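Hi,

Here is the structure I promised to pass on. Have a look, and my notes follow below.

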Amino acid sequence: MQPIVSIKNLCKTYKSGHQALKNINLDIQDGEIIALLGPNGAGKTTLISAICGIISTTSGSVTVNGYDTVKQYRKTRGLIGLVPQELTLGAFEKVQSTMAFSRGLFGKKPNTAYLEQLLKDLSLWEKRDAALMMLSGGMKRRVLIGKALAHEPRVLFLDEPTAGVDVELRKDMWKLVSKLRDSGVTIILTTHYIEEAEEIADRVGVINNGELLLVEDKAHLMDKLGRKQLCIELRQSVSEIPDSLSSYQLELSDSGTHLTYTYDVKSTRTGITSLLQAVNAAGLQLKDLQTSQSSLEEIFVNLVSEDQAQ
Amino acid sequence: MNWQAISVIYKSEMLRTWNTLLQSIASPVISTCLYFVVFGSAIGSRIETVGAVNGEGGVSYGAFIVPGLMMLSLLTQSISNASFGIYFPKFTGTIYELLSAPISFFEVVLGYVGAAATKSFIIGVIILLTAGFFVDLKIAHPFWMMGFFILTCITFSLFGFIIGIWADSFEKLQLIPLLVITPLVFLGGSFYTIDMLPPLWQKISLFNPVLYLISGFRWSFFEVSDVGHELSLAIVILFLTLCMGIVWWMFKTGYKLRQ
Ligand SMILES: Nc1ncnc2c1ncn2[C@@H]1O[C@H](COP(=O)(O)OP(=O)(O)OP(=O)(O)O)[C@@H](O)[C@H]1O
Ligand SMILES: [Mg+2]
């Protein structure tokens, strides 16, 4: 299947001389949710801006649904909706009219029924006649989403949609995103919240210093880089690990009551069963067992610090 | 053409005018009235008719200043409306939407400049009607008058649009209207014909493009002019072409809009 967005050798050097994107290659499939993770200044917003036509590119190309974003910008931009990172809204316009404005700007005929439904979905129906400057930050964020969706785009870019949004609203946003996905919209979002990527994305891309370090299936990424740990709590403390357990490379806590076993989730045989038998055989009594998995956050931090070290 | 986009830009710009109705419309009316009280009545009553040949014909001073007053408002209003219209989205950041929408720069210009020109046109008509209360107005060449009127609205709205894109602060936005346009209009014969000036200043005045504009516009009313009306028209069209050229270049290069 042809990717909905295809980025080829994309580079961007700002006038200041700063190279914000270095040879980015990425194909985004129709209907998927992809999360772009990266520290401040990594180039996430720059990448989105280049695709949407807000900034010019230095070299490389981007196609959306097979159309070139520069030569056939009318076709590509019509397919795209963008929620910017900053809360950029006018002051005096009304919620409903600013959404109608956005729809018109993208060349669509007015459709009050669609806008009404959209306002309701975003819990903005009560506020439809409020002036934009009278809204709270979270409401403004939702108005921006409404504006981006007003022309029924097939691809939605969300640049940090949940920055500065409370937990409740963030959950709502996640629900909205999965509802959009169900209706067939492809979603590209950037975020600093790793749990957000973990929660809603199908694939995760990590950007640092203008380079796309990796793009992986989320589950695959966690498998590949994720390690699991089994923590064994003992009834009595031991001063050292018994020789019979040396092949498991256990770590003993300072208190002598906790043994930690690290294993690879990929391998078919984790060795847990034999470890537990060996622990028993060594005469140690178990008090409790606990497993933990490294989160996307740890994976991410590791990746970026490795990249920095190079 | 993305007509929907042009139409929503045009309408929202006109709505902005509507929301600031008092400021948009009352202020030119009030200032016109003031000019009439001061120049037309207080000073004008001591000035003889202008443009009389051997004591025959000519127009009263009050009527004489009407075209100049209209031009003064048309120029300042066109520039301030159009420059504000496009500067504001740049200032608030909502320009991202214009840049990411499937519209050409030409369509953006049509929407913003069209709205600014319409607004200036309305203000011009209001001033004309207000002036009609104070003096007897006759328009000798209505078609020429409309031609100058409309061309001025469009040309200077376009000029304002260019300033709005160029400006990156509110100060710069006001700089050109204040430092360039107002002096040019006042020195361009809004309130006098240049033969009232000493010879040297008459020569210098001929380098002021606004002089041609006012002269041609005044001719269309009273057939009194400093320079030929065809030359006036040519100068307006030249300036219009120049502005279109600059806008086209801005569009090509993404000047100050697309980094
Ligand atoms: N207009 C500009 N001119 C020059 N440099 C810029 C410009 N915009 C961004 N940059 C630089 O490009 C780099 C990438 O910025 P970008 O906004 O894409 O980062 P980001 O990943 O979105 O960061 P954040 O998470 O903070 O939003 C940064 O170093 C930034 O300073
Ligand atoms: Mg950003």
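Why is the site of ligand 1 shared between chains? Because the residues that surround ligand 1 come from chains A and B.

Before the details: this is a predicted model, where local features need pLDDT of at least 70 and side-chain atom pairs count only at pLDDT 80 or more, while totals for chains, interfaces and linings use all residues. Residues are numbered from 1 along each chain as its sequence is written, chains are lettered from A and ligands numbered from 1 in the order in which they are written, and side-chain values use heavy atoms, with hydrogens and water left out.

Around ligand 1 there are 16 residues (a heavy atom within 4 Å), and Asn40(A), Lys44(A), Thr45(A), Thr46(A) and Gln85(A) come nearest. As for polar contacts (N or O pairs within 3.5 Å), a backbone N or O atom of Gly41(A) sits 2.8 Å from an oxygen of the ligand. The side chain of Glu160(A) has an N or O atom 3.2 Å from an oxygen atom of ligand 1, and a polar side-chain atom of Tyr14(A) is 3.4 Å from one of its nitrogen atoms.

Now the nonpolar core (buried Ala, Val, Leu, Ile, Met, Phe, Trp, Tyr and Cys joined through side-chain atoms within 4.5 Å; buried is under 20% relative accessible area, 1.4 Å probe, protein chains only). The largest has 147 residues, with Leu105(A) and Phe161(B) touching the most other members. Another core, of 15 residues, lies apart from it and includes Leu230(A) and Leu259(A).

Cheers

Definitions and conventions: A polar contact is a pair of N or O atoms within 3.5 Å; within protein, one must be able to donate a hydrogen and the other to accept it, and residues adjacent in sequence count only if both atoms are side-chain atoms. Buried means under 20% relative accessible area, exposed over 50%, partly exposed in between (1.4 Å probe, protein chains only).
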